[in-house]
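Hi there,

Here is the structure I promised to pass on. Have a look, and my notes on it follow below.

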Amino acid sequence: MKWICHNGVLALIWAALSTASSATIAVNANVNVKESAVVHGDTVSSTQYAEPTKPLAFSGATVRKRFFFSVYKISHFMAWPQETSDNPDELIKLISSGQLSQRVEIEFLRDVSREQVEEALMDGIERNNPDVDLSNIKSEIMRLSDGFDNDIAENSRLVLSRVNVGKLIVYFNERKIVETDNSELIRALWSIWFGQKPIVDNKALIANQLQ
């Protein structure tokens, strides 16, 4: 497994794990299908990420809210098969299986403090994996936590690109910060939004596939 870290921004992954019980709202956005591209070095444009040649189609978007505050907008993209079910639960199950390339894009709508990041450090994964041994994941998180030394500014962008089935590449503000083939960790992260107890309205994240 390869980890790349710049100035502790790996903490951004865990900012997405906020687990307070709160409402989410769907975003009615017109988003075009994004073409895939090869990353040149560590820096990519805002619409180019290391993905297969097949473009990923926009699936849907929603806003994560905590109490009365909007925390981030999250959008989902995937290389959907030509024939899919119209059953939302089956579509979410297909997403969770990790059999197809996909991407999650997060745009932070407010500043997030280090304390808020630390509070959410494992909760999102644990609530969606109650019967799973998370000792390996916890050890990785603890190893990385020493780098959590920066707050996250409003308008920052975090992109989790799940490519080649077994690989996850994470970008922060168009720069690659993480590359890993830890399938256990990848599945656990995806369960935050597509597990049994998602922290957002995951039906909104597939709304484009239900039209």
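Let me start with a charge over a ring: Arg 103 sits over the face of Phe 77, 4.5 Å from the ring centre (the criterion is NZ of Lys or CZ of Arg within 6 Å of the ring centre and within 35 degrees of the ring normal). Likewise, Arg 162 lies over the face of Trp 190, at 5.0 Å from the ring centre.

Before going on, please note that this is a predicted model, where local features need pLDDT of at least 70, side-chain atom pairs count only at pLDDT 80 or more, and totals for chains, interfaces and linings use all residues. Residues are numbered from 1 along each chain as its sequence is written, and side-chain values use heavy atoms, with hydrogens and water left out.

Now the aromatic pairs: a search of the whole structure gives three (ring centres of Phe, Tyr and Trp, the last by its six-membered ring, within 6.5 Å; planes under 30 degrees apart are stacked, over 60 edge-to-face, the rest tilted). Phe 58 and Phe 77 make a tilted pair, 5.6 Å centre to centre with 55° between the planes. Phe 58 is in strand β3 (residues 57–66) and Phe 77 in strand β4 (residues 69–78), so this pair ties together parts 19 residues apart in sequence (strands are DSSP runs of E, at least two residues, numbered from the N terminus).

Phe 77 is buried at 1% relative accessible area, and Phe 58 is buried at 6% (buried means under 20%, exposed over 50%, partly exposed in between, with a 1.4 Å probe and protein chains only).

Best wishes

Notes:
Helix = DSSP H or I, 4+ residues; strand = E, 2+ residues; numbered from the N terminus.
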